[in-house]
Each structure stands twice: as structure tokens, then as C-alpha cells.
Amino acid sequence: MLSSVDGRGGMDCVASYVHECRQLWGESLIVTDGGDVLQGSPYTYYYNNVCGMERHGIATLMNGIGYDASVLGNHDVEAGVASCRRWMDDCRHPVLAANAGITPYTVIERCGVRIAILGLITPVIVHWLHPHLWEGMTFTDMLGSARHWIAEIKKEIMPDMIVGLFHSGWSGGLDGENMTHAIAEQMPEFNLILYGHDHHPAVHDVGGTLCVNPGALAMSVAEMTLDTETKEVSARIVRLSSATKRLLAIPDLPGVERWMNSHVGFLAEALDERDAYFGPSSFIDLFHKVQLEVTGADASFFSPVSFDTQIPRGEVDMRTIFRLYRFETSIYTLRLTLDEVRRVLEKSYSLWCCQMTSQDDHALLLEKNLDDGTRLGLKHISLNMLSLAGIRYTVDLSKSAGERVAMYPSEEREYYKVAINSYHGNGGGDMLTDGASMSLRELSERVVSITPHGLRHYLIEHFRSKDVVEPEIFSDWRFVPSDMTAVALAKDRHIVFGC
């Protein structure tokens, strides 16, 4: 029995699931993790940056669950080389990444079956992160590394099965970012590939190689069953239930709780991230305001990163700040032409919206991916649904993708200084590379400034600098034709969010 978990939180649900599996399968169970465990919650930030415990708290939690192997994720590297290496050293299981210069593979024997697990990480991390975050690491292409290490494994180990544990999506992205499909097609030596990074739960069969992605945020797990006689593998995605949480012994829990409950500020009105998909919103404009204030830019790109976060009016503590923004990204200021800004928006709304002919059509691009595929949700990840503040524009949904955005700047300039998070600023999500047709080299040449601290740091400063934060909507954009889109947007909001 193989169980792979890709999560940035929800370890109590994971612990419950693994405990139940151990009761059922005993010593035949193998548990792996798809990476990105060092970011995404106040717990991870506390252990990375605040608490000076002898053993990294996330390693302690993973050791308690009893992982057999995990793969390094890009957000683990983003936590910084000191935190990342401390966590890896403290884990009882091997953390794998053959193409990053750390442990390439591990061999596990269960029920007389020798299984070699080879770990690989997306190498384009070097384009997303400042070099000081991955100092001492080297990242090479996944396919070349897989070929090299598979040859080594077959020569030295002669296993009964070879399993790939990849922190890489299915396909697409920046050049070499998501290589799972390509490796499965070109390397039939893999009996099974467990992959993650693109956040899409999926099961694929590529020429007899089963490729399984459990998704993200520890909302589900991928469960694989191996027949030891035939070596055949079956797989399914299992949705985790929050009703069966197994309490974990969280290291320094009193310290964590004190820090998470510490006062940051006060919010005068509630914020609702769900508003962001239907027009300008106070939720997104809070981040636009912070980015514009910190950078002095002319305009700001931002997107809903958590899909549907709701923050009530009242006191804001550190826990709330992490609900607002969970990533460690810094703020880039880029030099872009008005047409490049427009094309980034065209890319964004092509992922976001449909072409409409009447109010009976959907406005949002939807597919059945909520509640185990029984309900319509957003087809694409909300992280890439960038909107803009600082320049007025309209989005005409009666037009085809690529022809929807009309810009109305208050004054024409050769270039605009535009604030954006470091993930997108480095080419993440293809928003600039594909949208604005910029090479990574050209993109790096357009960087005007990079903040010394992360966006969350400046969000905290924004709250602490004011007695009360008054949410406001100041970005100036809208969907048109308004009579047609208003009806469709209201209908889609009810479909996706039930409100």
C-alpha cells in the first residue's frame, strides 16, 4: 500500500488518515509526501523564523506521522536555505531531489518487494527565487537527471519497482517546469509516478505507467494499492475529512498560540475574497494598496491566492494575516509598456472568463471540480487571475480571448512601473512570459526593484501603522457589456459559492 500526500497544512487530517491506514495495512504501508510543507501556515512560519527550537517543528510533526520518503518542493526552498536544510536534517525519512544535489533516491522493501523511489523537483525554481534562498543547491533538468539515476538504480539496486516522486506538474508552465507527462512517455522504466505542484488532483495511465496527483493543501490524498504477485498498481483520490482529525503533539504549542494570537491591527469592515472574481473588490484592493505604497509604482497586479477566504470585521491577529496571505513572496517592480500590461490581463481573463453571446451563458470559465467532481468550480487556479489597479480598463466578454481588454490610462507613457509578486515577476504561471511574450532574460532586465522583505511583512506593517484599516475599492475596471455580464456573474457566483 502506497499513500502519497501533497499538502501545505492539514497535517491533523493527514495523521488521522495515515493512522487508519496503519490499522488496516500494518507494516505494508508506505507513506510519501509531495513537497511544499515549509510554507502556507503560521505554524510553518513560526518554526522557520520565530522559534529557535533544537528540532524543526515540521520535521517533528512529520516524524510523528511516520513518513517513509518525501520530495523537496519549491516552497520548501523558498523558506530559505537555513530553514530548509534544518528541516531536512531533522526529518527521520529521506527528503529526495536527485536534480537538486541532495539525496536522489531511497529503497524500501515491503512484503518481499523492493521499491526504489526517485525524487525530482521542478528546476525552474531558479527563475522564481532569489539565489540567496537556494545558495549551495544546483538544479538540473528533470528528464536528464531521471535518465542518469534510473540507470544507476537499475545497475546498483535491481529493484522490483521504480517509483517517481516528483514535485512537478503534469505539463506546460515555464520551460521544464511541469515534466511528469513527458517523463512518463519517454521513460517506461517507471512503474508509478506520484507527482504534485500544479494543484490538480488527477490519475493518468501513460503506456502502463500510472501517474497520480493528490492535489494540494492536504485536502485529499492519493491512495495506491500494489498487488505483490502481479506488480499491478491501482489508484484512487481520497478526500480527507476534517471530521476525523487526529490531534498532533505540536512542538512548543503555547509559544505558537501566543504568537498566532498576537495583535496586529483592527479591520473596520469584513473582507470577502469571493468578490474578486466578479469585479473590483476591497479584498484585492487591500493588497494593491500595500504594493503601491511600498513600491511607489504606477500600477499593481494582484490575484486571489486562496480562492474563497473571508475575514470578519474586528481584531486582526497574526493568524488572520496568514489567512489573508500565506506565501513568502517579495514584491517586484517591473518596467512594462501599456500593451504588455494589457496582454498580461488578456492572459489572465482568458483563464478566468468565457466568451458570452447572451446573459444565459456562463461568465466564468467553469468545470466540475468541486465536491469530488459533482459541482462546478473555477477551471483554472485563482492564483493566476490577476487584476490591475492604477490604470482604468474594461473586459468585454462578448469578445474572444485575447481581444477583451481595453485600457484607458490617464496619461500615455513609454513605460509604467508595475508592482507584482515575485512568483509572477519571475515568470511564474506564464503570465508575463506567455501573456506579454517576454523571455526570462528580458523579464529579469525589466526589474526596477525588489523589496527586502516579503509581502506579508508589509501587510503587517500596513495594519500596525493604522488604528483601524478601512477597506476600500479604488481599482477601476469592469466587465462589459454590463447588462449581459451582470446577470451571468450573479448566476455564476451562486453556482460556485452558493451566495
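## Strand β15 and its partner

In this predicted model, residue A299 stands opposite V418, which belongs to strand β24. Strand β15, spanning residues 299–302, and strand β24, spanning residues 416–421, run parallel and are joined by two bridges.

## The five-stranded sheet

Strands β15 and β24 belong to an open sheet of five strands with mixed pairing, in the order β21-β15-β24-β18-β25.

Helix α10, formed by residues 282–295, lies across β15, β18 (330–336), β21, β24 and β25. The helix α10 runs at about 135 degrees to β15.

Helix α12, formed by residues 338–352, also packs on the sheet, where it touches β15, β18, β21 and β24. The direction of α12 makes about 140 degrees with that of β21.

Residue H93 is located in the loop between helix α5 (81–90) and strand β4 (95–96). With a relative accessible area of 4%, H93 falls under the 20% limit and is therefore classed as buried.

The side chain of H93 makes a polar contact with the side chain of S70, at 2.9 Å. When residues up to four places away in sequence are not counted, H93 touches M62, N63, Y67, D68, A69 and S70.

Methods. Residues are numbered from 1 along each chain as its sequence is written. This is a predicted model: local features need pLDDT of at least 70, side-chain atom pairs count only at pLDDT 80 or more; totals for chains, interfaces and linings use all residues. Side-chain values use heavy atoms; hydrogens and water are left out. Two strands pair if DSSP finds at least two bridges between them. Helices (H or I, at least four residues) and strands (E, at least two) are DSSP runs, numbered from the N terminus. Contact means heavy atoms within 4.5 Å. Axes are lines fitted to C-alpha atoms, for helices over the stretch in contact, and angles run from 0 to 180 degrees between N-to-C directions. Buried means under 20% relative accessible area, exposed over 50%, partly exposed in between (1.4 Å probe, protein chains only). A polar contact is a pair of N or O atoms within 3.5 Å; within protein, one must be able to donate a hydrogen and the other to accept it, and residues adjacent in sequence count only if both atoms are side-chain atoms.
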